[in-house]
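Hi everyone, thanks for making time this morning. I'd like to walk you through a model, so please bring up the sequence and the structure and follow along with me.

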Amino acid sequence: MSARTPRWLVGVLLGALTLLGAGLAAETGAAEKVFRFACACDLTKVYTFAVEEIVQAQKDYVELLNLKGGVSGHRFEFLVEDSGNEPQRALEIYERFKRQGALYFDGWSTPIGKALTPRVLEDRIVLGQMFVGRGDAVDGRTFPYVFPMGATYWQQMARAVEHIREREGGAPRGKKVAFVYIDSPFGREPLPVLEELARRLGLEWKGFPVPSPATEQSAAWTQVRAFRPDWAIIWFAGPSTPAAVREALRIGFPLDHLISVVWIGESDMKVVGEARARGVLRVEGWHTGRDVAVVQEIVREVYEKARKGHGPVERVGWTYYNIGLAEVVQLEEAVRVALRTSGEPLTGEKLKRALESFRNFDARGLRPPLTITAEDHGGGQLTRIGQWDGARWTTVSGWKAPFQDVVAEQVRKSAEEFRRSGR
Amino acid sequence: MFYRQCGVRHVSYAADWQLWPLRFERLQVGALLLAAASAPLWLPGLYLGSYALPVIIFATATLGLDLIMGRAGQIHVGYAAIMAVGAYTAVHAVRAGAPFEVGLLAAGLASALVGLVAGATALRVKGLYLAIGTLALQFLVEWVIVHVPAIGGGAQTTLQAPAVRVLGVAPVTTLGARYWVALAWCVLVTAYMLNVGRTGFGRALVALRERDYAAAVLGVHVFRYKLLAFSVSSFVGGITGAVLAFTYYRAVTPEQFGLDVSIQLLAMGLIGGLGRVLGSFLGAAFVFVVPIVISTALPGALEAAGLGLPVAVLSHLQIIVYGALIVGFLLLEPLGLAKIYDNVRSYFLVWPFGYARRTMG
Amino acid sequence: MTLVFLTELAVNGALVGLMYSLVALGIVLVYKSSSVFNFAQGALVMLAAYLVWAGSRVVGVVGGVLAAAAAMALLGLGIERFALRRMIGQPLAMALMLTLGLEILLRGLGPAAWGADTKRFDLGLAEAPLFLGDVLVNRTYLAGGAAALVLLVLFALFFRTRVGITLRAVSDDQVASWSIGIRVERAVGLSWALAALAATVGGTFWAAVQGVDWSVSLLLVKATAVAILGGLDSLAGAVIAGFAVGVTESVVSGYLDQVVGGGTKEIVTLALILLTILLRPHGLMGREIIERI
């Protein structure tokens, strides 16, 4: 134990204090005519797999927009910080970014979205939550500032069951479905929809929960094997997804009867082994690949000409890349509409109204046609079924939003609960 | 220079027992208190809500943890779980219609009860095994919150904390009001911790920490005091958890009280300096603010140095720096920031006459 | 059917459990020599997995494992020399916090250096189902379980060599060993190196099971349960406890999950830790030197 503190340690502390001051000073001060949107997302924990790609895409597209002089004279600025998927860190980051003028947030995480929802309703800031977050948020009257702009987990489950119905020739009665899911709110969310649809279609189903982090699933799949299902639906995200696919391979389950929630992409397929994973099905609500003009423009302008890409170029056009890209394309359109119809300065309220004016907007080819109204923030919730062919995702069944009554019933029940108890 | 002190010149017991024998330090504390109390009037909302408020709450929590770790010498790796019990109790109580104060009291009592049960393991094992027992407590509480819908709120993992009133009249809705509630609790706990070392209870805890056999020989009832230490510390932790939920997050989620938070509290205590009230404040401020500063200042600094790193690498760099800080402090200054403050203080105590005997150190 | 189901759950559970004990061995080795609980073992396994993955891309799987083993052993020695040695004479809380700090530090290191996306690592074992009779067995787990047993035998043999005997002496009584001329610091350093080597083996097999990313470090929780149940200072205890934890987890969740409608696996682990600490703190095979007051 040293009686005296080493001098240099005092120096380091003083330096840290200076840095602290500088850091705080750097946070204040805003420029003119900037549209700021923010992400308090998970860059170090379970959702890193997707968020890295999403952030790369969003930074790339912001780069492209600003290279072209911004949108209606407004520069785009993207604020991003790691929240470790912990709601309390996200709340803290939200408060900071809010005071820096961010008008749009996304957490890319259900717990974070749920934690932020009451605040954005109070602060009149738009919260995006494409394919994640609370499903009842499609109810625009209860959640005026929350925009799922895509299929909820309930609708995704309905689409998966619809695919089973289609492939069983419309008469799936008696078929066995195994639902293997991570034992978390995200994994349990679609259970009521599956239950209701199984009753309606006469499916025999069984749930197989795997405790978080679900990277070791041998016990669950041993049980799945004993159940001998015709179809399997998996509900995982992050490292647990390839773990599930590998376990399915191990018990010899045919992968073309395995349907995943949207969170499965090229990076997961690489972990399983691209060729071995051939046949895996997934629900998708966007377009994957580079055969879209805007993606090609990014490769050309940002990566080849300006050399300012924010990540490996091979990821451009991948699943999560295009999801992230689609969000900013939608924002670009909303900002343009907001400035045209309500003028400067931009506010959360104007942004909200602009988003609610979308009619059959396809995000430059990245999404199915989105129609958003003040009542419905789901944008139609169209999804299709994609299949991994060993190298890329192909489409096996087109855009649909089946069993809307079941999903709507869930939304109604859940939104009512929120209005009643505020949670 | 500032202290203007050249020896101990007390003429009464009362003067000798003062918390701050130096006039300058009394002024210092007074000024600090005044600044803290008036902060909502002059500090911009961003700093008040995002730094000052959480730091004083975490400092309070660290004080509670320090009672069990710094004073009684028992390792506690599940303090966040204790806070979770308090936070969930208070939120449920207030949602059920109880007044805020009753909710806080219920939070303290519920946590004290859980702490007592955890402390009961301390009767069977100690040292490392106690640490692992409290670790198990941490996981158990988390598991219960997540898996029992009546407690955690089921699939809706975030329970909103309703708006509350103090004494049934003053609404705690504005940032300033929330800050004052947290500050009041912090001042109360600080006053308790400053004085506990001078009571029989506090001395018994220190005896336990130094050597429990010896303490028993001296007539300290080891079991009773260990249990007392656990329940008092948990009582403080429970109310602090509730204060955290009501004033800062205005919501409760299991992640707010995860193992990471327990480790963070341990780091605050150790980096600040165990057994020192000042240490809890310095440690809490350091551990809470430094990662934020790194994440905001580091990208700019690296950019300026021509090293534009991808955001994913940056966020891991933060983790590395955080870990390195813990390791670095333990290795280089095991007595923590409070010791560094002491060294600086004892230097200035007799400055510029560095050769003088340091009587107040 | 049910018997096959039960056997299958038990066999696969046992193999997974043995793989947990690959991680737990590192905790036991360090505790034996220095009475410090090594909370950094999960992160060491993660870092080893990264190193094995990175090495195998350059020099193939075998070369990668060997290179990683060498690097990890050096890291283990370094951790003792530059960190743990300064904790001698400090309160236990300090040493524990130090390993926790190392855990955080190392956990950030791998993803920062090689990227946070999950890396694929293949041992070259086939992924097709393997049947022993009617029972389906995972090849990777089979190899991992076997490796745990081999490692146990190797350690048992090692503790019979001259160096091993000094290690045993140090674990019996540090002061007495010192007085007869054993270099205690060196022995503790060696135990850290051995723990890092065990982490390399664990990292290799866990990488093959779940790929390489930060989540490998979460194995710390299971390993803690296994080490506690087995008795913190018993290598054989760790392996037996791993076996027991794996079988219990797998069988209990196999029958209870459907009844409770939730994952019961993690609560089994928790219950095991708590029961062991309350009923038999020294575990199945540890030495009973728990002070109680």
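Let's begin with confidence: chain B has a mean pLDDT of 86, and 92% of its residues reach 70 or more. pLDDT is the predictor's confidence in each residue, from 0 to 100. This is a predicted model, so local features need pLDDT of at least 70 and side-chain atom pairs count only at pLDDT 80 or more, while totals for chains, interfaces and linings use all residues. As for labels, residues are numbered from 1 along each chain as its sequence is written, and chains are lettered from A and ligands numbered from 1 in the order in which they are written.

Where in chain B is confidence lowest, and where is it highest? The lowest mean is 75, in helix α8 (residues 149-152) of chain B, and the highest is 95, in helix α9 (residues 175-196) of chain B.

Now the overall build. Chain B has 16 helices and four strands; these are DSSP runs numbered from the N terminus, with helices being H or I of at least four residues and strands E of at least two. Its radius of gyration is 22 Å, close to the 21 Å that the globule rule gives for 361 residues, so chain B is as compact as a globular protein of that length. That radius is taken over C-alpha atoms, and the rule is 2.2 Å times the number of residues to the power 0.38. Along the principal axes, the C-alpha atoms of chain B fill a box of roughly 65 × 65 × 45 Å.

Of those 361 residues, 52% count as buried. Buried means 20 or more other C-beta atoms within 10 Å of the residue's own, exposed means 12 or fewer, and partly exposed is in between, with C-beta atoms placed from the backbone.

Chain A, for its part, has 14 helices and twelve strands. Buried residues make up 59% of its 423 residues, and its C-alpha atoms fill a box of roughly 70 × 65 × 50 Å along the principal axes.

Next, where chains B and C meet: 38 residues of chain B are in contact with 37 residues of chain C, contact meaning C-beta atoms, placed from the backbone, within 7 Å. Which helix of chain B gives the most to that side? It is α15(B), with 13 residues. The chain B side divides into 29 nonpolar, six polar and three charged residues. Here Ala, Val, Leu, Ile, Met, Phe, Trp, Tyr, Cys and Pro count as nonpolar, Asp, Glu, Lys and Arg as charged, and the others, Gly among them, as polar.

On to the largest nonpolar core, which has 352 residues; A:V180, B:A87, B:A90 and C:A49 touch the most other members. Such a core is a set of buried Ala, Val, Leu, Ile, Met, Phe, Trp, Tyr and Cys residues joined through C-beta atoms within 7 Å. Leaving out residues up to four places away in sequence, B:A87 touches several partners, including B:A107, B:L244 and B:F257.

Finally, please find B:R165, in strand β2 (residues 164-166) of chain B. Is B:R165 buried or partly exposed? It is partly exposed, because 14 other C-beta atoms lie within 10 Å. Beyond its neighbours within four places in sequence, B:R165 is in contact with B:F100, B:A170, B:P171 and B:V172.

Key. Contact = placed C-beta atoms within 7 Å.
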